[in-house]
Amino acid sequence: MDGPKDTDDEERVHPRVIIHIDMDYFYAQVEEVLNPSLKDKPFAVKQRFCVVTSNYIAREHGIKKLQPVKEALAMCPELILINGEDITKYKEMSVRINEIMHRFTPHVEKLGLDENYLDVTERIVEQLEQMEQAPADSAQIAQLNHVEGLIHPPSPEGTTGSATSASCYRETDRELFRRYCTCGCDRRLILATHLAQEIRNCIFKELGLRCCAGIAHNKLLAKLVGAVNKQNKQTVLLPTCGAAFVASLGSVRSLTGIGEKTAQTLADCCGIVTVTDLQQVELDRLTKHLGYEQAVRLKHLAFGRDDTPVKQTGKPKSVGLEDSCPSISVRADAEEKFRHLLVRLVKNIADDGRVPIAIKVTVRKFDLAKRTTHRESKQDKLLPSMFRHANGRLVLADGAQEKMLAIVMKVFERMVDLRQPFNITLLGLSFFKFQERRCGSKSIANFLIKKSDIEVQSITNLSNESITLSELSFCSNKSSLSLSAMDCEPCCSSDAGSIASLSGSESDAEPSPKKSRRLVFQTRQPNAGTSDRRYGNSEPDETTLSKLRVADLRLNSKEYDHEHPSPAVSPVSPMDVSTASGNTSSKVSSFFRERTTVPTAAGTSSSDGNITTDGSKMDVSVTLTTTSNNLIYRSDLQQFA
């Protein structure tokens, strides 16, 4: 990668066609559309104490992006300032721009509010196929031979694409492209210039906004070449001139993907300042300081190579705000600034619908001794409960603002040593790691409940006169079934117990939510095989009581018999709660002594104790069977189809 062959791409093919659209002075241009009287005056859009953009008339007076407002007014006293802290109108205009671009291709990747990548390869290939199938006319031939807009680098003869001369021969733009590359990309790139012009015309006609465009065979070069000729112009790059074009940009900071920290590392460790330096440095030397993957990525950037696809953009992964400010050296001032940023940030995500669960804090510190600035960011988690939805908009819950501000200041103090003098010139906040808002069975509340958690909340008032099942609830991943206040009377009087409570236990095994739930109460017969009785029957979907998370079982208001044995021996063997693992020595107690019949709670009954509830989603059957020294109690709960 370090040899001379790296400086040109003659042996490579260029199958893709990428268009990069960048709106001219976007915020200020939107203000011009909304208020045409501003077009002939110098004006700027400010947020807090900083100029975020200005029109070109103001730029002729020296107004720059991110310039302090006081400094801008000193340079241009007639400068008109417009408050742009509410970005709703800019977001709405950005959505309309995006809609126009989607008419031409679905492969649109959004960068902020005013930039977009478009992969138009499929559309261009289809257009070429149609041209090949139909006889070519003069208009199509002219379209293939001449570029719409500018070519970079300009041809040595000084041709600019569409210019023609009858007095002497001048090569067509297609011939110029073919001199640089013969892979067939000439037709694709030239047709893309006409498509880019069509897109720009639509945006201006429908929205009144002007923009620049860059056309190339990858995203990196399309973005960089589009910035060569501004404003309201478009430029296409000759495909094999990528390395030379990138080298002409000078500083490595001009490359998309190289930030301040990376540039500083390159300068300190390798002495790399310009793109040419990066092209010439050995890969091994870069790897030593940055790692192999990062070193290879930077070398590709230095030669204008970028294979990353255009990703169809959904909602943003992060939403943030930053404010440059006069020097802050007191904690209280920083806290007040963060409070204002937080209010604005919540408003910006109000219509998003998603809930952020992380926040990032950014500070820019000024070093008085070195006269340099340094940016630093750290993050922390947020609880979803800090937000709520009101009238379809996301807002902060009661008291959440102070809690969130406390988190922000805690992160701030991790970056800034309050025991030492400090000087802050920028503060920023951003939300990220968004969760989609969910309703119904997929809501956050239901997500926090274990899907297989099944609880029998209470079975009360089981006496010799009636059996009452109260608040019997089963929770699964798809449904929640409840049965309450069902009275069942035995056919004869007998000593009967009462089940006071059944509550869940975290230590119990969790049942499969796909199986039907069945409660089986069964006594053991000494010296007898109990494998069949333990499960009640041989059905494979049966789930036992201990798998239903029953922790406590109290009968006749007494403790378990095996924990507090009674001196009197009951004529009926203690009831056993069987487990999925085959353990038949669970918590036991005395139960019914005689066969009973149970009427239904909904008006139907049978001699064998079956209970059917009309109009409900449950079928509950209670079967009591008495044998010699053996009692089986079974409650089957099944969901109707």
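Which ring does the charged end of arginine 59 sit over? Select arginine 59 and tyrosine 56 to find out: the charged end of the arginine lies over the ring of tyrosine 56, 4.6 Å from its centre. Keep in mind throughout the tour that this is a predicted model.

**The whole chain**

Now show the whole chain as a cartoon. It has 18 helices and 25 strands. Colour the residues by burial, and 45% of the 641 residues come out as buried. Switch to a surface view: the chain exposes about 32600 Å², and carbon and sulfur atoms supply 49% of that area. Among contacts with a separation of 6 or more, 64% are between residues 24 or more positions apart.

**Aromatic pairs**

Go back to the side chains. A search of the whole structure finds 6 aromatic pairs. One of them is formed by tyrosine 27 and tyrosine 90, whose ring centres are 4.0 Å apart with planes at 10 degrees; planes under 30 degrees apart count as stacked, so this pair is stacked. Tyrosine 27 belongs to helix H1 (residues 26-34) and tyrosine 90 to helix H4 (residues 88-102), so the pair ties together parts that are 63 residues apart in sequence. Tyrosine 27 has a relative accessible area of 18% and is buried. Tyrosine 90 is buried too, with a value of 0%.

Ring pairs link Phe26, Tyr27 and Tyr90 into a cluster.

Next, select phenylalanine 338 and phenylalanine 412. How are these two rings placed, stacked or edge-to-face? The pair is edge-to-face, at 5.7 Å centre to centre and with 70 degrees between the planes. Phenylalanine 338 is in helix H15 (residues 331-348) and phenylalanine 412 is in helix H16 (residues 400-415), so this pair ties together parts that are 74 residues apart in sequence. Phenylalanine 338 is buried at 0% relative accessible area, and phenylalanine 412 also counts as buried at 0%.

For another charge over a ring, select arginine 354 and phenylalanine 434. The arginine lies over the face of the phenylalanine, at 4.2 Å from the ring centre.

**Helix H8 and the cores**

Select residues 185-207, which make up helix H8. At 1.5 Å a residue, its 23 residues should span 33 Å; the end C-alpha atoms are 32 Å apart, which agrees. Step on to glycine 208, which follows H8 and has a positive phi, near 75 degrees.

Now look at the largest nonpolar core, which has 50 residues. Those with the most contacts inside this core are Ile19, Phe26, Ile97 and Ile203. Several elements each supply at least two residues of the core, including strand E1 (18-23), H1, H4 and H8. Which element gives the most to this core? Helix H8 does, with 10 residues.

Centre the view on isoleucine 203. Leaving aside neighbours within four places in sequence, isoleucine 203 is in contact with Met23, Ile97, Ile100, Met101, Gly208, Leu209 and Cys211.

**A buried lysine**

Select lysine 219, in helix H9 (residues 219-226). Is this lysine buried or exposed? Lysine 219 is buried, with a relative accessible area of 8%. Show what surrounds the residue: leaving aside neighbours within four places in sequence, its contacts include Arg16, Glu109, Tyr117 and Asp306.

**Backbone stops**

Turn to the backbone. Histidine 152 and proline 153 are joined by a cis peptide bond, with omega about -5 degrees. Proline 153 is in the loop between strand E8 (150-152) and H7. Another cis peptide bond joins lysine 230 and glutamine 231, with omega about 0 degrees. Glutamine 231 is in the loop between H9 and strand E10 (234-237).

In that loop between H9 and E10, select asparagine 232 as well. Its phi is positive, about 55 degrees, although asparagine 232 is not a glycine. Asparagine 232 is partly exposed, with a relative accessible area of 32%.

The last stop is arginine 48, in the loop between E2 and strand E3 (50-54). Arginine 48 is a residue other than glycine with a positive phi, near 60 degrees. At 22% relative accessibility, arginine 48 counts as partly exposed.

Notes. Residues numbered from 1 in each chain as written. Predicted model: local features only at pLDDT ≥ 70, side-chain atom pairs only at ≥ 80, totals over all residues. Heavy atoms only, no water. Phe/Tyr/Trp six-rings, centres within 6.5 Å; stacked < 30°, edge-to-face > 60°. Helix = DSSP H or I, 4+ residues; strand = E, 2+ residues; numbered from the N terminus. Buried < 20%, exposed > 50% of the residue type's maximum accessible area, 1.4 Å probe, protein only. Lys NZ or Arg CZ within 6 Å of the ring centre and 35° of its normal. Expected span 1.5 Å × (residues − 1). Contact = heavy atoms within 4.5 Å. Areas by Shrake-Rupley, 256 points an atom, 1.4 Å probe, with all protein chains shown as cover. Core = buried A, V, L, I, M, F, W, Y, C linked by side-chain atoms within 4.5 Å.
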